[in-house]
Amino acid sequence: MNYSTGFWNRIAKRYAKKPVADETSYQFKLDCIRERLTPEMKVLEFGCGTGSTALLLAPLVNDYQAIDFSSAMLAIAEQKLAECPCPQLHFSQTPVEAYLHEKNDLDAVIGMSVLHLLNDPESAIQHVFNSLKSGGYFFSSTACIEESMSWFKYIAPLGGALGLLPKLHIFTQQKLQSYLTDAGFVIEYKWVAHNNKISCFIVATKP
Ligand SMILES: C[S@@+](CC[C@H](N)C(=O)[O-])C[C@H]1O[C@@H](n2cnc3c(N)ncnc32)[C@H](O)[C@@H]1O
């Protein structure tokens, strides 16, 4: 499979320095996740980037695997982990498509700002579903660009070809929800910030 790691490796240092765009919304999403995590859980976060979310959530669970395909993003994540050790947190460089298995042994999967970047989000969602235990959670925060920036689909391919943008999937919230329910998930909670209609946070559960 063809993975566009180059873009993320190039911007990793800048990404790490950039403050979270909307701290209040980010903290709200973290709280929604935190209140569902318990100390015996085994968690996977994919597209973990520089590890900020992983470092905050891993202390709450038994095992937290955080993966990303970008070596530069992970180098920063590993540096942060060395400064603030957490024995249950492990970073590894793996594309999510190669990592997800069908073992039904995960209690929760987290994907923050990443589903719309995958080659095949629909198939990844099905794999997330298959990798979860019954009762497991999928927490995702995803840019649904078609919602209020549908014009973006005309410039995205050019931005991608010039290396200015990563490869993007442009879909609506409705489409994202149908990917989830078609995979077998039940949508327990959906939240869209009033000041950012593009980013859709969903808590989905495997029945
Ligand atoms: C927008 S960043 C989000 C990083 C982090 N989750 C956050 O919220 O700050 C997207 C991340 O997903 C990673 N990524 C994109 N496609 C991936 C894939 N197929 N497998 C693993 N990581 C991927 C990129 O390297 C990048 O670190």
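How many nonpolar, polar and charged residues does the shell around the ligand have? The shell has eleven nonpolar, five polar and two charged residues. In this count Ala, Val, Leu, Ile, Met, Phe, Trp, Tyr, Cys and Pro are nonpolar, Asp, Glu, Lys and Arg are charged, and the others, Gly among them, are polar.

The model is predicted: local features need pLDDT of at least 70, side-chain atom pairs count only at pLDDT 80 or more, and totals for chains, interfaces and linings use all residues. Residues are numbered from 1 along each chain as its sequence is written, and side-chain values use heavy atoms, with hydrogens and water left out.

**Ligand surroundings**

- The ligand is surrounded by 18 residues, where a residue is near a molecule if one of its heavy atoms lies within 4 Å of it.
- The closest of these residues are Tyr-15, Gly-47, Asp-68, Val-96 and Met-112.
- Helix 1 (5-17) and helix 5 (96-99) each contribute at least two residues to the shell; helices (H or I, at least four residues) and strands (E, at least two) are DSSP runs, numbered from the N terminus.

**Polar atoms at the ligand**

- A polar backbone atom of Gly-47 is 2.7 Å from a nitrogen atom of the ligand.
- For Met-112, a polar backbone atom is 2.8 Å from a nitrogen atom of the ligand.
- Asp-68 places a polar side-chain atom 2.6 Å from an oxygen atom of the ligand.
- The protein buries 91% of the 600 Å² that the ligand exposes when taken alone, with areas from the Shrake-Rupley method and a 1.4 Å probe.

**Aromatic rings**

- The whole structure holds eight aromatic pairs; rings of Phe, Tyr and Trp (its six-membered ring) pair if their centres lie within 6.5 Å, and planes under 30 degrees apart count as stacked, over 60 as edge-to-face and the rest as tilted.
- Phe-28 and Trp-191 form a tilted pair, 4.5 Å centre to centre with 40 degrees between the planes.
- This pair links Phe-28 in helix 2 (residues 23-34) to Trp-191 in strand 6 (residues 186-193), 163 residues apart.
- Phe-46 and Phe-138 form a stacked pair, 6.2 Å centre to centre with 25 degrees between the planes.
- Phe-46 lies in strand 1 (residues 42-46) and Phe-138 in strand 5 (residues 132-143), so their pair ties together parts 92 residues apart in sequence.
- Ring pairs join Phe-46, Phe-129, Phe-138 and Phe-185 into a cluster.

**Accessibility**

- Phe-28 counts as partly exposed because its relative accessibility is 30%; buried means under 20% relative accessible area, exposed over 50% and partly exposed in between (1.4 Å probe, protein chains only).
- Phe-46 counts as buried at 1% relative accessibility, and Phe-138 is buried with a relative accessible area of 1%.

Technical notes. Polar contact = N/O pair within 3.5 Å; in protein donor to acceptor, adjacent residues only side chain to side chain.
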